[in-house]
Each structure stands twice: as C-alpha cells, then as structure tokens.
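Open the model in your viewer and keep the selection panel at hand. We will go stop by stop, and each stop tells you what to pick next.

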Amino acid sequence: MNNYKNRLPYESPCDSDNDWTESSEDSKCSDSESSVPEWDSDVAEDGELTYIKIKPGVEVSDDNHTALLDNCDTFKLRTDFKRSSTRRSTKGRIFKALKSKKARNKGINAAKKKDSEENNKIVVIQVSKSMIFTSDKNCQIEKLFGISLETHKDGKTLVVADFLPEAKPIYTPTVKLGYYLTKLNGIDVNTYNINNLLQRVIEDVENPRLMFQVVSEGLNIDIEKLLKSAPENSVTHILKESLCSILYICCNDVEFQNNDDKGVLYCYPRPLNNNFLYNTRGAYITLNHLAPKSLGTSEPLVSTLLHNSTLVNVAYKSHNGDLMLIAMPNSAIDVFCVKRIIQDIVRMLEFLYGSLKTCFTKQKNVDKLDGLFCRIFATLLFGNKRSGNFQEVIGAHAVSLPLEVKIQVDDAITELEAADYREWTDDVENFQRMYTVIGACLFYSGHLLCSHLQDNDLIEITSYLKLNGILQLSVQKDIEKLVLWREVYINEHRNQNKYCHEYRIPDGRWFLLIVGKGNFILATLMEAGGCTEDAIGVTPPSPFYVEECESCVELLFDVGLDRYLSAWFKSNTQPQLQLSPEKLTKQGRKKDISLKSDIIRSATLKLSKSQLDIKRRHNSSEHINTVDIQSAHSTSHHNLYSQWYSNKYRHSSVDVSYSEDSGSLKSTSEISDDRIMGRRADREQKSRRESSGSDSDWDKQDGSRSSNIDVSDIRKSLLSELDKVTVHRVTAGEENVLFHYINIESERGILLAPVSSVESGALYSYILNTFRTACKRIHELLQHGISFKKNHTPSVNKMLVGVKEHGLLFDVPHEVLNECGVKKYQEPYSFWVIGRVISEPEPRELYVCYHDSVPQDLTEIAYLLSYAG
Amino acid sequence: MSVIVIAVGTDSGVPIFSRKRGNCDNVQFSTIASLHGINMFSKCHNLTIMKTQVDNGSILWKEYCKSVTLIGIVTGGLECDLELLLLYVHNLMVFCIGKKELENLKNIDQIKRELRQCYPILDCLLEAVDPNCVSQTCMFLDLIQSMLCPQAQQLQQVLDSYSERVTGRWACLSIHGHIVATSTDFYELDSVEAKLLMLLAASQDGAPLRETPIYLPQMSPNVAFRAVTCKLLADVYVLVICGATPPLSEIDEIVLQCWENSALIIKEAKLVHPRNFPLSITFEPCILGILIVNIPKKRCVFSRHLAGNQKGKSMSSPHRIDVLRTFFVTTARDLAPELQIKEDDKECGRSQCVPSEAYWCSEYHKWHARRTADLMTCVLYAPTVPIHTVRLLTNQILQEISTSKEVYW
C-alpha cells in the first residue's frame, strides 16, 4: 500500500495517505464530481460489482442524446491529463458513497429494470363510463373499472390482482391476472398518482382507456434482472416445476453428523422437502459409493430418471468425497449436454471460488449461489432455444474474420494488455501498476472474436459468461454499459500444487473484469501481486482499469467494427453456405438459373491503410484530433462533441490541429476512393519513419497522422469492403453444396462455425437440426479415439479407438420436401453429415454437412477452412 | 470389459441369480441388496431410474412381470446393447420356467434350481456384449445367424413334411449354428423365440436326440411346448416344436424316414459354410467382410471368407467379425429403427432422422452400411478404397443379393 505514493507521484501531499476514506475528504475530489463512475454505488461489500444498463427497447441510433452524453463522460475522462489524480480520489468516493447510498440503491435499480421491459406487449381496454361496478370495499378502482389492483414488489407498479365478476367478460381473455396497469388515458400510472388520476377520470366525460402491460411470466425471464438481484420466487417456482435442481452433499462422516440437513450443504430450489432431488438423494449417494467400490466401474456420470412422467437427467460430480448433483429436464437438456454442462458448472465454480468445497461452505454465500444457479437454469432452459445444441455446449463459438479486421481487434486488445500508461504519468519508473492484464477475450453478439487468454482460462471465462447469460444478454439486448468485477481463482493457481511447473505464478490474486457495450463483451483477466501491487482485503474494481477496458471497446466502435460485424455476420461469406437447399438438384446444380446471383465474386479484400492506422489508442492527442475532425463533419452526434470540447478543451484541440499538416486530410479522402493513393500514403509514412530519429518520436507522429483520418470515412470503407470480400467456398463442385460446418478445437475450447443468425427455410432448418443431432452421435464415437490419444488409457474397445471419420447419409422425408414446395421433386433428397478427427498439427474435430451430389474430401475441406480466416 | 446381470425378486429382494463375464469380481450379496435398494427407494418417491451412465459403461434396472428386477452393469463392452441383453435374459427366464411361475415367484429355491439349466444360454447371451469374444452361436443379440444356400427351398419341403409327421408346427434346420432352412410357418414365432430356440439347439451340442420343455415367451408364455432337437450329421441339427406326443422313440424313426433321402442336399448345403453365401454371388477382393441383415425377419448372414480359397490370409479373420459387429451395434443398427427396442417412454426425437447410409474410416479398415427396403448391408473394406467406390460396391452387393434367385431367406 505504500506504493501509492510512488505510483501517483503528482498526488497532492495531503493525499499521500493510503487510507481511502481520508483521501476522500480532500478538496480535490469534490471538484471532480463527474469522475465518479456511475457504477460506484453498485459495488458490493465484498468488492464485487455487477452493473448493467441496457439501452431501452428501441434501438438507439448514434445521434441519440443520452448515449452521447455518456460518451462525453468517458471522453472527458480519457482526455483528462490529470486523470490519475482524480482517479485516486474517486476511489475514496466510492467508499464513502457505498456507506451512504446503500439503501437508496435498490430503488434505482428497480426503476431501471422497468425501463428495459418496455418492449413487452401492451393491451388497451376501453371501459364504458356508464358502467359502475359494485364494490364491497368501496374502492374507487373497483367501482370504475371492475378490477382490483395490488402493488408490485417495487412499490410503484400496479398489478392486476382480481376481476369483479361483472367485469370479467370485459377483460378476459386479453387481460390476465398479474398484468401491469401502465397507463390511464395515456398517462403513466403508478401507486403515487393513481388517486389523482382516478379523480380526473371521474371528472372526464370520455370513456377511460386502460393500458396494460403483458407480463408473460416464466417464458419471459429477464437475465438482466437475474444478474442484478436475487431470484424472484416466481422464477424459482418455475424452475422447480420444470425439475431443475442442484444439490451439494457432504458425505464426510464428521460433517454429516454436525450438519442439520444430514450433510446437505446446499440445495436449490428450496424448500428442501419440496425438492425432488433432495428427497431422493439417498439413491444417488448410494450409487455413487457403490459403483466404484463394489461394481468396479467408474463413478456414475449421469442418471436418467422418470419423475412424474418427465424424463430428467441427473449429473454427478464427486469432489473429495462430496457429491454435487444437478438435475435438468431431458426435453431441454439431453444426456449429451448435461454431461458437458456439469463440467462447465464445476469449472466455473472452481474459477469463482477456488474449489467446490469453498464455494458451498463459504459464509453468507447462499444468496449469491441462489442467484447464480437461478441464472444458470433460466439461461439454459428459457433463455435460448439453442442451449441444448451441440455447438452450444462444446465450446466458445468463434467466427473467422478477415485478416485485416482480426489484426485490428488483436491490436486493440494487445494495447489494453500492454498497459502502457505513459500518457498518464511522466514518472514511469516509479509507477507501480495495480494489476497486470494477463489476457483478455472479446465477444461480439455471443461470438468469440479474439482471445489472448490461456486455453484453460478462456474455457473457464466462456463458461462463466455463458452460464450467467451474459453472452445471451449481449445477443438479445443492446447494452449501454455493463461492468462486472469478480475475484477469480485461475486454473494455474488452483493446480500449482499438483504439478511442478518450470516457472511459478506469483502468489497473488486474480480478478475478472467484464465490460460490455452494444453487442460487445470484453472479459479481462487481471493479476494483482507479483510485479504489481498486492491486493489486500476487499478489492473493488479500479475505475482506471474499467475505463481502460471501456475505452478499448469504445475504440472498436470508433473504427466502426460494430457495424462491420453486424454486416459481416449477415454476409454468409467465409466460407459461404448453401442456404437455399431446395434449389439444388440431384446433380448438385441449381434449378433456377436466375438464382445464380450469389456466384463467387473474386475480388480480393484489401483494406485501405487508413484502417490499420486508426486503431492507435491511448494516445491522448489522437483522441483530441479525432474529435476535432469529427466536429468538422457535421452530424448531430459530432456536433455535440465539438461543442463540448470547445467549451472545455478548446485549447488543446486548437493546439493539435495546428500541428497537423493540411495535406494529410486531403489524402485521407483520396484513400477511400483510390487505392493507389493509399499506397502512396503508405510510402510517405515509411519515409517519414526512416527520417524520424527515435522510436518515441515516430510513435507520436504516427498517432497524429492516423488521427487525420475521419472515423466515419473508415466506417464507410470497412462496410464497402465487405462486398469486395472473396466469397470463400470449401466444397468441390459447380454449386456450393455446403450446408453447415463445425470445426472444434476442444483443447482450446473453441469452435468455428457459421454465425448462428443465418438460418432460413423449412428444409434448411430440417437439415440443420438433423446435423446437430447427428453431430452428437458422431462426436461420442470419435471421443474414443481422442481420449485414447490424450490419456493413453488401455481402451476397452480397440476398434472404436481407430475410427477417425464417421459419416451418415440422411434422406429428407417427403413431408418436409412438400412443405418447402418441392412437390414435383420425387427423387430422394439426401445430404451427408460427416465428422472427422484431425490430430495433426493440433487435435481438432471437423463436422460438415453437405448435399449428396458431389463427393467431398474432408481433409481438403479442413484445409480450406483453416485458411478461411 | 465386464458385464454383470443380476436377477432379484422385486418384492422380496431375494437374489435369483447373478451371472458375469469378463474381468470383474463376483458381486457380493450386500451389493445386490444395495442395488436393489436404490431401485426400491426411488420407486417410493415416484421416481424411476431408467439408466445410469458411467465411464464407458452403464448401469440399468429393469422390472419385468412386476415380480423380477434385472440389474445389468456393463463396462467397456457394447454397452448400448445392455437394455437388449436384459430383455433377452428376461425372455430366457420365461422360456425356461414359464411366465406364471415367474410372476408368482412362490417357490424361489425351486425357481433358482430350474433356472440353472438356462445358464449355458445365458452365458451365450453375455458373450454377445463382449467385443473381444467371437461367439460362434451368438454374434448379435437380436439377429439370428443364417446361411444363404440354394438348397433352402428343397430343405423347407422336407422340414414341412417332418413337422407334420411329428404333429409339430415349427421346425428349422441348422448347420454350424446357422439357420439354413425353416418350415413354412416358422415365422409365426417371434424373433426372440426363434433366437432362443437356436441357442437352445446350440447349447445341446452332441446329443443325438433330445427333448426340452419350453415356454414361448410371446406365443404361449404359460403352456409348455416340447422342443425336440435331433442331430442329423455332424454340426447339422433339426429342431421341431411339438406337443407331448409322439414320444421320443417314435420321433427317432420319423426322423430317419424323413431325412434319409435328403442327406446329399444337406451335405451340399454344408459346403456353403463358412462362406455362407451361394457361390454365384461374388465379391470384390477389397471386401474383407460382409454382413447382410434381413430386417423384418431379423436374420443376418455374415461372411469373412469371401474370395473363395484364400485361407492363408485368414489370420485376422476372427477380428473382422469383431470389427464388423462393433460397427453394426454402434452405428449401423440406427439405420433400421425397427430393430430398436420399442418403448413408449423413449424419446421419439431420435427416430426423426434415420440415416440411410453410414460409414466409418480408420487406418486399417473402412466400414460402410446401407439400407434399401428390407435389406441392410454392412461391408468391411480395405482402407485404401475411396468412399465413393465403397458406396458403389455396397450398392452392387445389395442389388445382387436382392435379385439373386439363389438367395432364399
């Protein structure tokens, strides 16, 4: 802690104390009101943070005012040269705010939650003024509308509790119990203003109009809500009904005796005696003991049960004599998936808590675990219809990006990891960092774009993001701001006693920081200890690092990557899939010649140099420049920026703009038009580099130069490049016959597959569903060989070990063909699903699905696929 | 690999028998009790444990006739066949002692004694899940091994007249444990019954003439029939199911009268073994083994001696059966959903997509299975043959088998 002084040498002397609360009294911090991060009040006592803000219902366009102001906030911080000093005090503020704001906190959250539900359906009912209902309670609402209301848990919303018998025909079936009454004659209504409004209704001559918000419980589980607060009883109830359950039993004799619940350390959903898993735990415990000891088999993995005519799968996980059981209905999660999901859950719990035992024995952890498992089950069951899918449970779904885009993304993250904070402080030598970024991974809309993490860490972080529904949230909603902060126990640290490594990892602590915006999720793994400062005690997130991550994501927005990706995801190019299978004839030709529009365009993708340059970050001058230019181009968005800047930062912006050479701006516009100009610009850069003396000089020049390029121009160029991208085809034959593929690198926990949004037509979805089911079968078979190669265990069935390729040919049934209007088409329509293990250079599995017409060579497809990116 | 089958009285919990195969210890009484206890306990909670997966294996409880619980534990074998195995074990118990006695389970000691006679057949069934054991008599649990010979039609006439003479209804002729010919109405019998009869004949190897009381699990689970096996030549048996009359001595004479003139035909038919296919059907040299399944009749023909007199190369041939059997059980059986055990509570989702062809590739072999109408072929190829050639060849074989006039199922 003494390092504080060294780290922040320009801190005012009175602030050099290492106590945060004291520092908060420093006068400085009161000036920097705006530097208090908006999430500071959400930091929990143990330092963990979950802050989510979703853009309300309608897609927010760029020139939206609220979004803009937020941007300004961050911008201000980033350009503030003395930011570190404010940051220091910010920390103190968080602490203080924590104490005072605790109580207020919840109300704010509830209000925010309501906003996000706006996209729910609305029902409007008009009640005749002449109708007066008889109310026993002499209640005004009942008299006027024939309904009785109750207050929602948030203390504000009005919920329909009952209908009077006479009024029932008016409301049912459109309005159901539990709906929210949102508006009365177009005015928002809540518990506070209901009486006033009713008075107005009485005075009004018009027939009153009631607007209800449809609340479809159960199927409309809000992950955002689940992430933030403890699970509601209704959700827990639904999970119990659908036979989801988790149980952690300690089978150790001593503890067994001491425990009130006969060894059960954790159970969800509760109450205990209503939980079928709890009631029948004896069977699983016995079996778990018996199988390895008396039957000579391994410990049981999964049991399939029939409970009240529902098939349920119970997965087992033994841990030092303790037993964890997880039950999920077979209809949503089959045996194949449940085996993998329990592995994921175990990995995630170990990642979060160090070990299963500490997870379930940690003090005051029950509420957190309730929330966690509620999220897990809700995400798996209701969140995504595809959660029982083959590719969902196998690994992180990566997408192949064009090399140029990949470089940009990599670069942005590398800079984050590099932790080059020279612009924050002149005294680099004495600056001890709080954390080392040991890796980061970036997701867009649930797809992994880039990972700089160790394989194990990536697998664990992906499990965390998936099971908590964060990835799903990023797919479904447009996130305005998401910040999550957790202490984690990385794999290396957990296993360092087991194996003797050549090098030892420091005896530190690790933290996971997740930052989200739009559809991006950036997860950063940070290390405290070793060369960085030791983290002692409760460690709340550091605003500095949160901002670093945020600005990293921000940068991707600046480059226009979000738009590029959404176009890229829809583009179906790398490699191209055949999405209209009904057009293929038996010979593998298209039936309709006019539909040949999607033939390969053979232009190559060459990104203009400008793109490569724009990704520089952390160079404060660059930011200012960018903004400067933005102000020249007038969209309302940029205008506001410039206004803002001209107020406060005119000085600096003017400075920099003078330092630019006027010609470069001109060349920028030419770059986007003419590629040769781009090259010339490149040459110019080169010569400049050669002429420049020191490295640091060059850096600065480069930064200022790149900033000359207009961001919006780059966006355009990125997007326009998209149709010049080579359409990549991996199958042989005249027409594209590839329907789907999955390329799994199980060691790395990554799979490559077409973006999940592309799906069309009855025939195509039939093919896809068949493919997914078949993949499970093929995968199970291929595992014999893979696990043999990995562990060299004497396998029991020698033949299965040798199998490296397995193919299945399916015929599409006539019903499906008829449905797609392929009636005349009497010849059978068949397609292959083939899986293959490729063990060199690194083990991977490839699954492809293609039309039967053209025989394909899997090795060749694998080869072509690996060059797709 | 190990497989254990335990039978327990459902209500009493009395162990009826326990048989094992492979490298596992004998199951202790306490273990049996615990296993049974798990099932009973969960039943009290309105819960049925259908199946439990372990590494490379599974544990299964099955209750039959509401009186007997069969517990099966298999590791490292063809574990997907465990359910089928238990079904056959149960049928075997009915086959031996009748359904009524099994339901009542009154005199349990006597039942234990009576069941002891079916142990040889039981062990045969266990062999079928051991991938490393090439059982001559029971390669597949649910398929009856057959031979395709041109003489089958002639032999059927003889069988018909023979079964008529002994006032029996169903008769069949087996050579080396393979069905060669059957009486006309033999297919009234359920495939399970036919299979058990074949196993019975095989287990009574050596005896020239023998009668055994049997119950037909589907046809007549409560009234016993008499199965009479008679050895005609070495490895050639004729089996007939008939009532209490005529006595064995009389049957001996009838056999002589009926079969005396057919000796030559039988000898000719015997020559078809071990190729098991008529010589008119030829195969490419790259084909290492072949398995043809007649799906509705649940009969299969297997051959690994395809290229005539190639005996010098037959070094790995038992392995080929093995390899092909594993392929069939693990994958190719999915091509014929009819062969799967029908159960109401099973997810029907799987039947939605039934493949019509399947193949495996390894460094040493290529397997290919294809189904057309009632016939399924599984062929083992040399690894060098490319997949499109493989498909072509399999198709040719299927064509040839289904059109050949010498093939008589």
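## Stop 1: where two chains share strands

Select strand 10 of chain A and strand 3 (residues 47–54) of chain B: they pair in the antiparallel sense over six bridges. Strands and helices here are DSSP runs, numbered from the N terminus; a helix (H or I) has at least four residues and a strand (E) at least two. Two strands count as paired if DSSP finds at least two bridges between them. This is a predicted model, where local features need pLDDT of at least 70 and side-chain atom pairs count only at pLDDT 80 or more, while totals for chains, interfaces and linings use all residues. Residues are numbered from 1 along each chain as its sequence is written, and chains are lettered from A and ligands numbered from 1 in the order in which they are written.

Now pick single residues. A:Ser303 stands opposite B:Thr52 in strand 3 of chain B. A:His307 has B:Leu47 as its bridge partner in strand 3 of chain B.

Click B:Asn46 next. It sits in the loop between helix 1 (29–44) and strand 3 of chain B. What is the phi of B:Asn46 near? The value is near 60°, which is positive in a residue other than glycine. Most residues other than glycine have a negative phi.

## Stop 2

Ten strands form an open sheet, in the order 9(A)-8(A)-12(A)-11(A)-10(A)-3(B)-4(B)-5(B)-1(B)-2(B), with antiparallel pairing. Which strands are the edge strands? They are strand 9 (264–268) of chain A and strand 2 (15–22) of chain B, each pairing on one side only. On average, neighbouring strands of this sheet are turned by 15° against each other, direction ignored. Axes are lines fitted to C-alpha atoms, for helices over the stretch in contact, and angles run from 0 to 180 degrees between N-to-C directions.

Strands of a sheet pair through backbone hydrogen bonds.

Stay in chain A. Strand 10 of chain A pairs with strand 11 of chain A in the antiparallel sense, over six bridges. A:Val302 has A:Ala315 as its bridge partner in strand 11 of chain A. In the hairpin of these strands, two residues lie between them, and A:Asn308 takes a positive phi near 50°.

Move to chain B. Strand 1 (residues 2–9) of chain B and strand 5 (residues 68–75) of chain B pair in the antiparallel sense over eight bridges. There, B:Val3 stands opposite B:Val74 in strand 5 of chain B.

## Stop 2: helices on the sheet

Select helix 14 of chain A. It packs on the sheet, touching strand 10, strand 11 (310–319) and strand 12 (322–329) of chain A together with strand 3 of chain B. Its direction makes about 35° with that of strand 11 of chain A.

Then select helix 4 (residues 108–116) of chain B. It lies across strand 1 and strand 2 of chain B, running at about 30° to strand 2 of chain B.

## Stop 3

## Stop 4: the chain interface

Colour by chain. 44 residues of chain A are in contact with 48 residues of chain B. On the chain A side, the elements giving two or more residues include helix 13 (281–294), strand 10 (302–307) and helix 32 (762–791) of chain A.

## Stop 5: two cis peptide bonds

Select A:Tyr268 and A:Pro269: a cis peptide bond joins them, with omega about -5°. A:Pro269 lies in the loop between strand 9 and helix 12 (276–279) of chain A. Now go to B:Thr245 and B:Pro246, where a cis peptide bond has omega about -10°. B:Pro246 lies in the loop between strand 11 (236–242) and helix 8 (248–259) of chain B.

Technical notes: Two residues are in contact if their C-beta atoms, placed from the backbone, lie within 7 Å.
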